[in-house]
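Here are some comments to be read alongside the coordinates. They are set out as numbered points, and each of them can be checked against the structure shown below.

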Amino acid sequence: MIFFATLPPHRGFVQNRYMYFVYLLRSQKDGGYYIGQTDSIDRRLHQHLDGKVNSTGSRLPVELLYYEAYSSRTQAIQRELQLKQFGSAYVGLLKRIDLR
């Protein structure tokens with residue numbers, strides 16, 4: 001099952017112990033996007049915001065635009081890789097969340 005959201009979950013978000021997430025960040029510095037996956041959206045978002053992630057550390061601040069939740073890491077990794085091909089899945093996601 002997939003859950004969609006466009007609001008940051010780090011305040012009051014309750015996570016199932018066995019959920020995995022694919023997420024989309026936007027750099028407020030350069031407008032670029034970052035796609036990632038994690039088993040803890042709250043922890044990972046804070047790592048990004050604290051500058052502890054090499055890929056986004058120089059692009060701070062970043063904002064969480066979107067995430068999807070999956071019941072297995074395999075599904076989350078497959079979706080992350082699908083989006084990182086920057087093909088129709090990526091374009092479709094941006095259109096669905098009104099970024100294109």
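**Notes on salt bridges, buried side chains and strand pairing**

1. Arg43 is partly exposed, its relative accessible area being 40%. Please keep in mind throughout that this is a predicted model. Arg43 is in a salt bridge with Asp39, where the closest N and O atoms are 2.5 Å apart, and Asp39 itself counts as partly exposed at 29% relative accessibility.

2. What does the pair formed by Arg73 and Asp39 tie together? The two residues form a salt bridge whose closest N and O atoms are 3.5 Å apart. Because Arg73 lies in helix H3 whereas Asp39 lies in the loop between E3 and H1, the pair ties together parts that are 34 residues apart in sequence. Arg73 is partly exposed, with a relative accessible area of 33%, and the three residues Asp39, Arg43 and Arg73 are linked in a network of salt bridges.

3. The structure holds 7 salt bridges, and one of them deserves a separate comment: Glu80 pairs with Lys84, the closest N and O atoms being 2.9 Å apart.

4. As background, an α-helix has 3.6 residues a turn, so residues three or four places apart point the same way.

5. Two of the covering elements, strand E2 (residues 20-27) and strand E3 (residues 33-38), run antiparallel and are joined by 6 bridges. Within this pairing, Leu24 has Ile35 of E3 as its bridge partner. E2 and E3 form a hairpin with 5 residues between them, and in the turn Gly31 has a positive phi of about 75°.

6. Where is His48 found, and is this residue buried or exposed? His48 is found in helix H1 (residues 41-49), and His48 is buried, with a relative accessible area of 0%. The side chain of His48 makes a polar contact, at 2.8 Å, with the side chain of Tyr23. When neighbours within four places in sequence are left aside, the residues in contact with His48 are Tyr23, Leu25, Tyr34, Val53, Thr56, Leu60 and Val62.

7. Tyr70 has its place in strand E4 (residues 62-70) and is buried, with a relative accessible area of 9%. The side chain of Tyr70 makes a polar contact with the side chain of Glu68, for which the computed distance is 2.4 Å. Tyr70 and Tyr18 are 52 residues apart along the chain, yet their C-alpha atoms are separated by 8.6 Å.

Methods
Residues numbered from 1 in each chain as written. Predicted model: local features only at pLDDT ≥ 70, side-chain atom pairs only at ≥ 80, totals over all residues. Heavy atoms only, no water. Pairing = 2+ DSSP bridges. Helix = DSSP H or I, 4+ residues; strand = E, 2+ residues; numbered from the N terminus. Buried < 20%, exposed > 50% of the residue type's maximum accessible area, 1.4 Å probe, protein only. Polar contact = N/O pair within 3.5 Å; in protein donor to acceptor, adjacent residues only side chain to side chain. Contact = heavy atoms within 4.5 Å. Salt bridge = Lys/Arg side-chain N within 4 Å of Asp/Glu carboxyl O.
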